[in-house]
2 protein chains.
Amino acid sequence: MPRLELSITGIHSLQEVAKGDDLAELIALAIRSEKLDLLPKDIIVITHKVVSKAEGRLVQLETIIPSCLAEEWAKLHNKDPRVVELILRQSHRIVRMEKGILITETKHGFVCANAGVDCSNVPKGMALLLPKNPDLSARQLRDSLVKEFGVSLAIIITDTFGRPWRDGQVNFAIGVAGLEGLRDYRGEEDTFGRKLEASVIAVADELAAAAELVMGKTQRIPLACIRGFDFQEQDGSGQSLIRPLKDDLFR
Amino acid sequence: MPRLELSITGIHSLQEVAKGDDLAELIALAIRSEKLDLLPKDIIVITHKVVSKAEGRLVQLETIIPSCLAEEWAKLHNKDPRVVELILRQSHRIVRMEKGILITETKHGFVCANAGVDCSNVPKGMALLLPKNPDLSARQLRDSLVKEFGVSLAIIITDTFGRPWRDGQVNFAIGVAGLEGLRDYRGEEDTFGRKLEASVIAVADELAAAAELVMGKTQRIPLACIRGFDFQEQDGSGQSLIRPLKDDLFR
């Protein structure tokens with residue numbers, strides 16, 4: 001049996017990204033400046049922050065007028081009412097609003113704290129929203145980078161979310177292009193010849209989690225390249241990882 | 001900046017494990033037979049199945065007499081009542097019992113489907129329970145393997161769980177020894193000099209997820225070695241990843 005080995009490389013030389021920048025070009029520059037030769041089926045994992053910044057999703061808080069609900073919640077829990085207002089505007093509905101924690105379903109369908117609105121790693125007085133359509137962003141980046149490097153690639157755009165029941169946050173896939181986010185083993189046989197009944201693995205989330213290990217929070221490593229993961233080329237999507245409401249026991 | 005690179009190597013030559021086997025010895029054999037030289041701070045990730053098998057956690061279903069509740073639920077949802085009974089016995093309490101899905105809190109505190117009771121990759125007529133004390137198992141394996149190889153190592157024992165809101169399962173850390181499962185960034189400064197407020201990353205879960213990418217479900221790869229992840233040596237524990245009930249909004 002050949003050795004199964006995966007490598008994850010952090011790419012640190014992406015410059016600070018601003019609205020309107022050609023992110024694919026900046027990513028290509030960073031990859032070239034680190035003399036990283038891309039190979040077919042490399043997976044480029046990108047923290048959503050740089051995507052959001054390029055897409056102009058930084059919001060100046062002074063432009064936001066909070067609603068009554070936002071004012072009240074903010075006062076109660078010592079938050080910035082403008083940030084709370086932004087969270088409510090990004091939300092499709094509220095899942096939990098308890099103990100100062102605001103878990104909502106975003107307009108994309110992600111269930112996470114604060115609708116993904118983020119005030120860390122952004123200039124003072126600003127907040128950063130999730131990309132409007134992370135799958136579209138992933139597809140566009142993939143198209144450009146495949147053209148640029150002449151090899152097949154997959155793209156995963158990520159954000160770190162908390163989880164029920166477990167402490168700590170983990171990186172998740174919110175936008176996917178070029179691979180199927182779920183690997184379905186159902187119907188295949190286990191080592192005892194028994195058909196697997198319930199095994200669907202969220203590989204895009206596992207790839208996102210793996211990439212976070214080289215990204216860190218305080219270092220500026222917004223990109224990683226995962227090599228050696230075998231996958232079938234597919235359009236893929238981050239939306240496919242969202243459990244439909246009707247099957248969900250916790251919304 | 002030096003390149004940050006992580007490698008994950010699947011270790012496939014572990015023999016089928018049986019009750020009473022010295023698992024550390026079998027793991028050492030597998031590692032040596034693949035000529036994998038361990039380095040300080042390598043992290044050995046182990047699927048719980050081989051730990052459970054070595055610890056005699058395989059149960060013959062014919063020895064299990066189902067309770068009324070187990071019989072009823074099994075009948076309603078076309079399950080094996082003996083497996084349902086085992087799930088109930090392994091549970092501390094029921095979190096959801098709906099649509100044929102049984103989410104419970106295990107005696108260890110893990111919230112997962114079927115209390116981790118598993119009928120795949122085990123002989124017919126049997127079911128496999130989680131290790132009784134995965135942290136203790138991890139500590140014992142670590143002690144033996146550190147002695148055997150003469151380098152510092154960390155151990156993570158894993159299981160794949162489903163998640164609310166998202167489809168597909170992901171590998172999680174249920175037993176940890178030798179590293180802190182949570183990486184706490186609170187108080188550190190982001191790239192804009194702002195103090196991070198809410199950033200605690202569940203690195204043990206991310207390492208578990210990363211390892212699954214080389215393990216697969218149908219191949220027999222119960223072990224992986226992760227190299228290049230920088231961590232401080234600590235006792236660590238999988239229990240530290242469980243959110244206390246009082247802070248949980250979804251139990």
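Student: Which strand does S1 of chain A pair with, and in what sense?

Tutor: Two strands pair if DSSP finds at least two bridges between them. Strands are DSSP runs of E with at least two residues, helices are runs of H or I with at least four, and both are numbered from the N terminus. Here, in this predicted model, strand S1 (residues 5–11) of chain A and S1(B) pair in the antiparallel sense over five bridges.

Student: Which residue stands opposite Ser7(A)?

Tutor: Ser7(B), in S1(B). On bookkeeping, residues are numbered from 1 along each chain as its sequence is written, while chains are lettered from A and ligands numbered from 1 in the order in which they are written. As the model is predicted, local features need pLDDT of at least 70 and side-chain atom pairs count only at pLDDT 80 or more, but totals for chains, interfaces and linings use all residues.

Student: How many residues does each chain bring to the contact?

Tutor: Residues are in contact if their C-beta atoms, placed from the backbone, lie within 7 Å. The contact takes 64 residues from chain B and 63 residues from chain A. On the chain B side, H6(B) gives the most, with nine residues. Other elements giving two or more include strand S1 (5–11), strand S8 (153–163) and strand S9 (166–177) of chain B.

Student: What rotation superposes chain B on chain A?

Tutor: Superposition is by least squares on the C-alpha atoms of residues with pLDDT of at least 70 in both copies. You get a rotation of 180 degrees with 0.0 Å of shift along its axis, at RMSD 0.0 Å. The two copies are therefore related as by a two-fold rotation axis. Also, 98% of the interface residues of chain B are interface residues in chain A too, so the copies meet through the same surface.

Student: How is chain A divided into domains?

Tutor: Domain bounds come from an automatic or database domain assignment. In chain A, domain 1 covers 7–55 + 131–244 and domain 2 covers 58–128. Their C-alpha centres lie 26 Å apart. The contact between them takes eleven residues from domain 1 and nine from domain 2.

Conventions: Two residues are in contact if their C-beta atoms, placed from the backbone, lie within 7 Å.
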